[in-house]
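User: I'm new to this one and would like to walk through it piece by piece. Could you show it to me first?

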Amino acid sequence: MIQTNQAIRFTGKQQASLVQCDWDPSPLAADEIIGRTIVSLVSNGSEMGAYKDYTGGMKYPVETGYAAILEVLEVGKEITNVKAGERVLALSPHQAYSRVKFNDYIPVPEGMKPEHAVIGRFPAVSMTSMIHSRIRPTESVMVTGLGIVGLMCAQVMQHCGYEVYAFDPNEGRRETARSCGLRHVYASPEEVPALKGTAGLAIDCSGREEAVYSLLANLRKGGELYLVGVPWFRSTDKFAHDLLRSIFYGYVQVNSGWEWSLPRHSSEFHPNSNNGSIRKAMEWIRDGLIQVENIYDSYAPSACGEVYAGIADGVLTKPCVIFDWS
């Protein structure tokens, strides 16, 4: 019987702590499961918004977390797709135990390491843009920003048949991208003059204006630009005129890369969904089609203070961070 829970909370601006928290003792609903967290995944981008309070006015403490692998402890009487002892991926916070509704978890493919399965959350972010795009495989695709979301984006696009050019000014990130099998990795598009005016699709995963300018300069006429990286703060003093001119005369379609423009679940006339993307991403990782080995570091939840400070200061060497609750 669970009496209390533990969770990671942002207790103040740039302050993270492992704290005791209440557990809901009410009887399990028929469509719920209770799970014990094995690992939980940190989003270096999304969680930094609350941790650093980019927009101002954040009220602390703040619950945080991006995804978790849970070992199922108990299932409601209507649950038929998992049983006690099996594992599921849920968009649960960083906490020791979670209650999850039937539609809010995805069974983990048998035999997957929990650390690998939880990373399946990240490819789904950019898969939304790929699903929406009119640009088809065999065309060139540019991806800027090789943090964990961009690294997964470039791998997904390459696996699906696109000719992918991946860019990041950080040499460590470029080395990681090459180790994952990406064929064309550079500091910036300026290093590939033959690419100029030929790429059909550009995906920015950095959230930086200068990256968007460099992508626009290399798209073909009628190309598409997707903005996946969140523009948390202004990073350049350039005026919008150059941006608007490039879009207008390049006949470029600019799109939000917000992953939740897909529904959480598929339906008869909408077969694509976020849960479907996560499920497929886990399968690709399981089958070795997306490489995740050696791209993450694991920490105990009690180390959350140093982990988030390290992300904020840019001193962590791996693109992905996982909390190990075992």
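Arg174 and beyond

Analyst: Let's start with a residue in this predicted model: Arg174 has a relative accessible area of 12%, so it counts as buried.

User: Which helix is Arg174 in, and which residues does Arg174 touch, not counting those up to four places away in sequence?

Analyst: Arg174 has its place in helix α5, residues 171-179. Once residues up to four places away in sequence are set aside, Arg174 touches Asp168, Pro169, Val185, Tyr186 and Ala187.

User: What is the distance of the polar contact between the side chains of Arg174 and Glu171?

Analyst: The side chain of Arg174 also has a polar atom 2.8 Å from the backbone oxygen of Asp168. As for Glu171, its side chain and that of Arg174 are joined by a polar contact of 2.5 Å.

User: Is Ser235 buried, partly exposed or exposed?

Analyst: You'll find Ser235 in the loop between β13 and α7. Buried would need under 20% relative accessible area, and exposed over 50%. Ser235 comes out at 24%, so Ser235 is partly exposed.

User: Which side chains make polar contacts with the side chain of Ser235?

Analyst: Leaving aside neighbours within four places in sequence, Ser235 is in contact with Arg208, Glu209 and Glu210. Ser235 and Glu209 are 26 residues apart along the chain, with 6.5 Å between their C-alpha atoms. The side chain of Ser235 makes a polar contact of 2.3 Å with the side chain of Glu209, and another of 2.9 Å with the side chain of Glu210.

User: How many residues in the lining of the second largest pocket are nonpolar?

Analyst: Elements giving two or more residues to that lining are α6 (209-216), β13 (219-227) and α7 (240-249). By class, the second largest pocket is lined by five charged residues, three polar ones and, for the class you asked about, ten nonpolar.

User: Over to the strands: which residue in β7 stands opposite Glu32?

Analyst: Strands β3 (residues 32-41) and β7 run antiparallel, joined by five bridges. Strand β7 spans residues 97-101, with Ser98 and Val100 on its covered face. Its uncovered face has Tyr97, Arg99 and Lys101. The residue opposite Glu32 is Lys101.

Notes
Residues are numbered from 1 along each chain as its sequence is written. This is a predicted model: local features need pLDDT of at least 70, side-chain atom pairs count only at pLDDT 80 or more; totals for chains, interfaces and linings use all residues. Side-chain values use heavy atoms; hydrogens and water are left out. Buried means under 20% relative accessible area, exposed over 50%, partly exposed in between (1.4 Å probe, protein chains only). Two strands pair if DSSP finds at least two bridges between them. Ala, Val, Leu, Ile, Met, Phe, Trp, Tyr, Cys and Pro count as nonpolar, Asp, Glu, Lys and Arg as charged, and the others, Gly among them, as polar. Contact means heavy atoms within 4.5 Å. A polar contact is a pair of N or O atoms within 3.5 Å; within protein, one must be able to donate a hydrogen and the other to accept it, and residues adjacent in sequence count only if both atoms are side-chain atoms.
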